[in-house]
Amino acid sequence: MKEQHCDILIQGGGPVGLACAAWCLQKFPESKIVLLDRNPADDANLTAADSRGIALSHGSKLLLDTIDAWPTECADIHRVHVSQAGRFGRALMTREELKQDALGHIIRYRDIHITLRQALRVIQTKSPNFVWEHINTNNGADTDTSHIQAKCVVHAEGGLFKTQDWVESGRDYEQSALVGLVEVENASPHQAWERFTSEGPLAVLPSHYGRNILNLVWCGTPSSSQARLALSDAEFLKSLQTEFGSRIGRFLKIQDRRLYELGLNYRKETTQGNEVWIGNAAQTLHPVAGQGLNLGLRDAYLLAEKLSILFSKSENQKTATAIEATLQDYAQSRKADRSATIGLTDFMARIFTSNLFPIVMGRGLALSALQWLPPVKTALARQMMFGRR
């Protein structure tokens, strides 16, 4: 096989890898980049792929707008209601009090994926040194990359918890998320609900299918979640109604139920020599605060900024020492946001599943305080929307 030389090798054709490539090329179109993508070249093969609703922050929308990669089908969140099931304490966040167009957005994973692929193809037309290789392992294609000699390697192949081939630090929450689409009787438009139950968070989120068709994310123990998956539709809806309550009327229909195991994986160091890890390859989070992909996109954007500056310089300046220093600078720049997001998500995942009376009381007091202390609520919301700056 003919040897290939490039400045940047991006391993992973999911949203974070695609976004990183697009931002690198947008900032420096002459970039010598090879993108290795395990997905098929034809978008049609992805239309029936992962349809779960993913939360994207308004900050992520602003980033993706820079490369025209915002999906046309999405549901905006204008209000978020947070409460404890059967306990006191609640908080309400609105876009008006934060002076934003939206608090967040819910988009199908496959729509984000396909839109980013389409955006990258447009950018590719002005990028003569960009190579996009599809290495689909399902059809026996050669996945050996030893012929690619890269000055910098970006690892963007993440995967889901317990499907990853790395475990460095983190924890198994011993939870599963049951996701699906639920039809309700009387949903308020653009309203998101998060109820904390004795087993974990239960979220009902907008979807682009219509006002009364909502995304469901119900976290519980693996055994409870598996049992709920096996229930008939009628039994499932009855159980969901009991757990969630009647705030949005009756639950009428459930479809597309699936389970995902939940846990935290994160690398203590995201760079080593000329290699860097971003997105789910660097950290995999609990979905409680909807921060996983948002954090990964912020990784990709800042890394692209740092790499495009370095590789736009003359050849004699792109030394191994300069590359390592650039990656270390990137890691240092991401440290505060990464630590804050991982810490906040881990804290919420653990504190809202404890049934110890002092912690239950503390949660209620914290939610009540959040409601009546606008500066604290605003700071928390901005961290989730834009990350730590």
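**Exercise 1.** Does Trp-23 count as buried or exposed?

*Solution.* The conventions come first. The model is predicted, so local features need pLDDT of at least 70 and side-chain atom pairs count only at pLDDT 80 or more, while totals for chains, interfaces and linings use all residues. Residues are numbered from 1 along each chain as its sequence is written, and side-chain values use heavy atoms, with hydrogens and water left out.

Step 1. Buried means under 20% relative accessible area, exposed over 50%, and partly exposed in between (1.4 Å probe, protein chains only).
Step 2. Trp-23 has 0% relative accessibility and therefore counts as buried.

**Exercise 2.** State how many aromatic pairs the structure holds, and describe the pair of Trp-23 and Tyr-301.

*Solution.* Step 1. Rings of Phe, Tyr and Trp (its six-membered ring) pair if their centres lie within 6.5 Å; planes under 30 degrees apart count as stacked, over 60 as edge-to-face and the rest as tilted.
Step 1. Five aromatic pairs are present. Trp-23 and Tyr-301 make an edge-to-face pair, at 5.1 Å centre to centre and with 85 degrees between the planes.
Step 2. This pair connects distant parts of the chain, 278 residues apart: Trp-23 belongs to helix H1 (residues 15–27) and Tyr-301 to helix H7 (residues 292–311). Helices (H or I, at least four residues) and strands (E, at least two) are DSSP runs, numbered from the N terminus.
Step 3. Tyr-301 has a relative accessible area of 23% and is therefore partly exposed.

**Exercise 3.** Classify the pair of Trp-218 and Phe-236 and locate both residues.

*Solution.* Step 1. The ring centres of Trp-218 and Phe-236 are 5.6 Å apart and the planes stand at 65 degrees, so the pair is edge-to-face.
Step 1. Trp-218 lies in strand S13 (residues 213–220) and Phe-236 in helix H6 (residues 233–244), so the pair ties together parts 18 residues apart in sequence.
Step 2. Trp-218 is buried at 1% relative accessibility, and Phe-236 is buried at 0%.

**Exercise 4.** Which residues line the largest cavity, and how do they divide by class?

*Solution.* Step 1. On a 1 Å grid over the protein atoms alone, a cavity is a set of points where a 1.4 Å probe fits but cannot get out; lining residues have an atom within 4 Å of a point. Grid points are joined across faces, edges and corners, and a volume is the space filled by probe spheres set on the points.
Step 1. There are two cavities of 30 Å³ or more, and the largest holds about 70 Å³.
Step 2. Its lining consists of Ser-51, Arg-52, Gly-53, Val-179, Gly-180, Leu-181, Asn-215, Leu-216, Val-217, Asp-256 and Arg-258.
Step 3. Four lining residues are nonpolar, four polar and three charged. Here Ala, Val, Leu, Ile, Met, Phe, Trp, Tyr, Cys and Pro count as nonpolar, Asp, Glu, Lys and Arg as charged, and the others, Gly among them, as polar.
Step 4. Strand S10 (169–184), S13 and strand S14 (251–266) each supply at least two residues of this lining.

**Exercise 5.** In what sense do S10 and S14 pair, and over how many bridges?

*Solution.* Step 1. Two strands pair if DSSP finds at least two bridges between them.
Step 1. S10 and S14 pair in the antiparallel sense over 13 bridges. Leu-181 has Gln-255 as its bridge partner in S14.
Step 2. Eight strands form an open sheet of mixed pairing, in the order S6-S5-S11-S12-S13-S10-S14-S17. Strand S6 (90–94) and strand S17 (283–284) are the edge strands, each pairing on one side only.

Definitions and conventions. 1 Å grid on protein atoms, 1.4 Å probe; cavity = no way out; pocket = protein on both sides within 12 Å on 5 of 7 lines; lining within 4 Å.
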